[in-house]
Amino acid sequence: TPSNNPYYNSQYYTSNQPRYNFAGILESKSMASISLEMKRTSLKNPSVGLPTALAVNSKFIAIGSQGGLILVFDLFEQIRQKLGSGGSNANTTNTNRHADPSSNNRDMGVGGGAVTSIDIFHHNETLVAGYASGIIVLWDILKGTILKSIMDAHPSPITSVRFIHSSNAGNNTTTLVSVDAGGLVNKLTFHKSVLWGALSVENECLLDGTAGQILSFCVLPPISTLSKESKEYYKNHPCR
């Protein structure tokens with residue numbers, strides 16, 4: 001309780017401070033159509049396996065599986081795309097025709113193992129997936145194609161990938177943070193060529209793994225995206 005907390009300061013815990021921008025009423029709803037599609041896909045191709053990763057944004061719900069397949073649904077629970085192979089017999093988008101020239105079967109989930117983490121960029125149709133083999137793949141959701149695959153950034157299974165939503169970044173730059181099971185943390189910046197449209201990648205090591213395994217992390221939004229009340233709250237917070 002606040003009275004037992006030596007760090008409690010009443011000026012930071014008033015009823016006017018910003019919380020989560022909702023009234024506190026939650027609704028629990030079973031997504032029957034998505035569940036049915038997942039079962040149907042697994043029955044049709046048993047190598048797809050069980051769901052292993054999930055990401056949601058304002059447009060899509062993406063679910064990764066043990067077999068490397070990613071199913072993308074809209075918010076009406078209708079299947080919109082299947083990314084990767086999910087096994088050699090999966091009836092999914094043929095990404096071989098659109099893959100990055102330097103990629104091979106590992107990039108398409110055929111040998112990449114389970115999908116271990118997914119994130120969807122907030123203002124476009126780009127999805128990033130990390131796999132148990134340590135590879136990272138940037139997908140175009142609408143086209144169902146690989147934008148870029150990174151095979152040498154991590155030697156261990158990916159545990160988390162998250163986009164950095166920077167308000168200062170241009171339309172031709174995308175940045176994300178990736179973490180593997182060995183504690184290696186990388187910052188990957190993708191630059192799109194204006195002339196050719198190809199993506200290049202810059203890899204910056206943030207943590208080399210000597211600090212141990214990373215159990216959890218979060219990318220905080222830039223302060224420029226916060227409301228005026230939130231900015232004042234965090235600016236005067238005692239933890240700053």
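This is a predicted model: local features need pLDDT of at least 70, side-chain atom pairs count only at pLDDT 80 or more; totals for chains, interfaces and linings use all residues.
Residues are numbered from 1 along each chain as its sequence is written, and side-chain values use heavy atoms, with hydrogens and water left out.

Ile70 also belongs to the largest nonpolar core, which has 18 residues; Ile70, Val72, Ile118, Leu127, Tyr131 and Trp139 touch the most other members. At least two residues of this core come from each of β1 (51-56), β2 (60-65), β3 (70-74), β5 (115-120), β6 (126-131) and β7 (136-140). Apart from that core lies another one of 13 residues, including Ile150, Phe163, Leu176 and Leu188. A nonpolar core, for the record, is a set of buried Ala, Val, Leu, Ile, Met, Phe, Trp, Tyr and Cys residues joined through side-chain atoms within 4.5 Å. Buried means under 20% relative accessible area, exposed over 50%, and partly exposed in between (1.4 Å probe, protein chains only). Strands are DSSP runs of E, at least two residues each, numbered from the N terminus.

Now for β2. Six of its six residues are buried. On one side of β2 sit Phe60, Ala62 and Gly64, on the other Ile61, Ile63 and Ser65, and both faces are covered.

| Pair | Bridges | Direction |
|---|---|---|
| β1 and β2 | five bridges | antiparallel |
| β2 and β3 | five bridges | antiparallel |

The link from β1 to β2 is a hairpin through three residues, and Pro51 stands opposite Ser65 in β2. β2 and β3 form a hairpin too, with four residues between them, and Gly68 in that turn has a positive phi of about 95°. Ile63 stands opposite Leu71 in β3.

Two loop residues are worth a look. Ser133 lies in the loop between β6 and β7 and is partly exposed, with a relative accessible area of 22%. Ser133 and Thr116 are 17 residues apart in sequence and 9.5 Å apart in space, C-alpha to C-alpha. Leu75, in the loop between β3 and β4 (79-83), is partly exposed at a relative accessible area of 43%.

Terms used
Two strands pair if DSSP finds at least two bridges between them.
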